[in-house]
Amino acid sequence: MRAEEVADRSRLSVATRYESLVGVSNAIGAHRDPQLLFGALVKELHRVVRFDYVGVSVRDEKSNTFHRHFVDAETEASIPPHPELAMEESDAWWVYQNQEPMITSLDADQAPSCKFQEILKKYGIRSVCTLP
């Protein structure tokens, strides 16, 4: 492969990533129904990153709670929030409090050290990236 072809592919990759970010932004602004929003998010984000689940936690300032919405990226089926996970034990709470990304990683043989990690293990999730 020639150097020009490699450079063209690299630019295309960057362009595709920016297009997907614009698509995500448009989807967030256009969809009020969570099911439709998640379908659009899954489609746009899969163009640039591989993932199995996607979730959004929205803080309700009045009640000091999070409204959590999660879907299976393959089937787009909703996954109900785990009832035993207190808000203060969630990744969303930590990220909200610190306003920093959080990466949680579990090895297959690692024992969960908190309720959040137990839930991840239940779904076979090995890593999570939570963004503010």
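This report walks through the sheet, the cores, the ring pairs and the salt bridges of the structure above.

## About the model

This is a predicted model, in which local features need pLDDT of at least 70 and side-chain atom pairs count only at pLDDT 80 or more, while totals for chains, interfaces and linings use all residues. Residues are numbered from 1 along each chain as its sequence is written, and side-chain values use heavy atoms, with hydrogens and water left out.

Helices and strands are DSSP runs numbered from the N terminus (helices are H or I with at least four residues, strands are E with at least two).

## The sheet and the helix across it

An open sheet of 3 strands runs in the order 1-2-3, and its pairing is antiparallel. Strand 1 and strand 3 (78–79) are the edge strands, each pairing on one side only. Two strands count as paired if DSSP finds at least two bridges between them; strand 1 and strand 2 have 8 antiparallel bridges. In one of these, Val58 has His67 of strand 2 as its bridge partner.

Helix 2 (residues 34–45) lies across strand 1, strand 2 and strand 3, and runs at about 130 degrees to strand 1. Such angles run from 0 to 180 degrees between N-to-C directions, with axes fitted to C-alpha atoms, for helices over the stretch in contact.

Which residues sit inside? A residue is buried under 20% relative accessible area, exposed over 50% and partly exposed in between (1.4 Å probe, protein chains only). A nonpolar core is a set of buried Ala, Val, Leu, Ile, Met, Phe, Trp, Tyr and Cys residues joined through side-chain atoms within 4.5 Å. The largest has 11 residues, including Val24, Phe38, Leu41, Phe51, Val54 and Val71. Helix 1 (3–30) and helix 2 each supply at least two residues of this core, and helix 2 gives the most, with 5 residues. Apart from this core lies another, of 9 residues, among them Val95, Met102, Ile119 and Leu120.

Leaving aside neighbours within four places in sequence, Val54 is in contact (heavy atoms within 4.5 Å) with Phe38, Val42, Leu45, His69, Phe70 and Val71.

## Helix 3 and its surroundings

The buried residues of helix 3 are Asp91, Ala92, Trp93 and Val95. They pack against strand 1, strand 2, strand 4 (102–105), helix 4 and strand 5. Just after helix 3 comes Gln99, with a positive phi of about 50 degrees.

## Aromatic pairs

Rings of Phe, Tyr and Trp (its six-membered ring) pair if their centres lie within 6.5 Å; planes under 30 degrees apart are stacked, over 60 edge-to-face and the rest tilted. The count comes to 3 aromatic pairs. Tyr53 and Tyr123 have ring centres 6.1 Å apart and planes at 70 degrees, so this pair is edge-to-face. It links distant parts of the chain, 70 residues apart: Tyr53 is in strand 1 (residues 53–60), and Tyr123 is in the loop between helix 4 (115–122) and strand 5 (127–130). Tyr53 is partly exposed at 29% relative accessibility, and Tyr123 is partly exposed at 34%.

Phe66 and Tyr96 are also edge-to-face, because their ring centres lie 5.9 Å apart with planes at 80 degrees. Phe66 belongs to strand 2 (residues 65–72) and Tyr96 to helix 3 (residues 91–98), 30 residues apart. Phe66 is buried at 14% relative accessible area, whereas Tyr96 is partly exposed at 33%. Ring pairs link Phe66, Trp93 and Tyr96 into a cluster.

## Salt bridges

Side chains of opposite charge can pair when their charged atoms come close. A salt bridge here is a side-chain nitrogen of Lys or Arg within 4 Å of a carboxyl oxygen of Asp or Glu, and the count comes to 3. Arg47 and Glu19 meet in one of them (3.2 Å, N to O). Arg47 lies in the loop between helix 2 and strand 1, and Glu19 in helix 1, 28 residues apart. Glu44 also forms a salt bridge with Arg47, with the closest N and O atoms 3.3 Å apart. Glu44 is buried at 15% relative accessibility, while Arg47 is partly exposed at 40%.

Glu118 and Lys115 form a salt bridge with their closest N and O atoms 3.6 Å apart. Both lie in helix 4, 3 residues apart, about one turn of the helix. As for shared partners, salt bridges join Glu19, Glu44 and Arg47 into one network.
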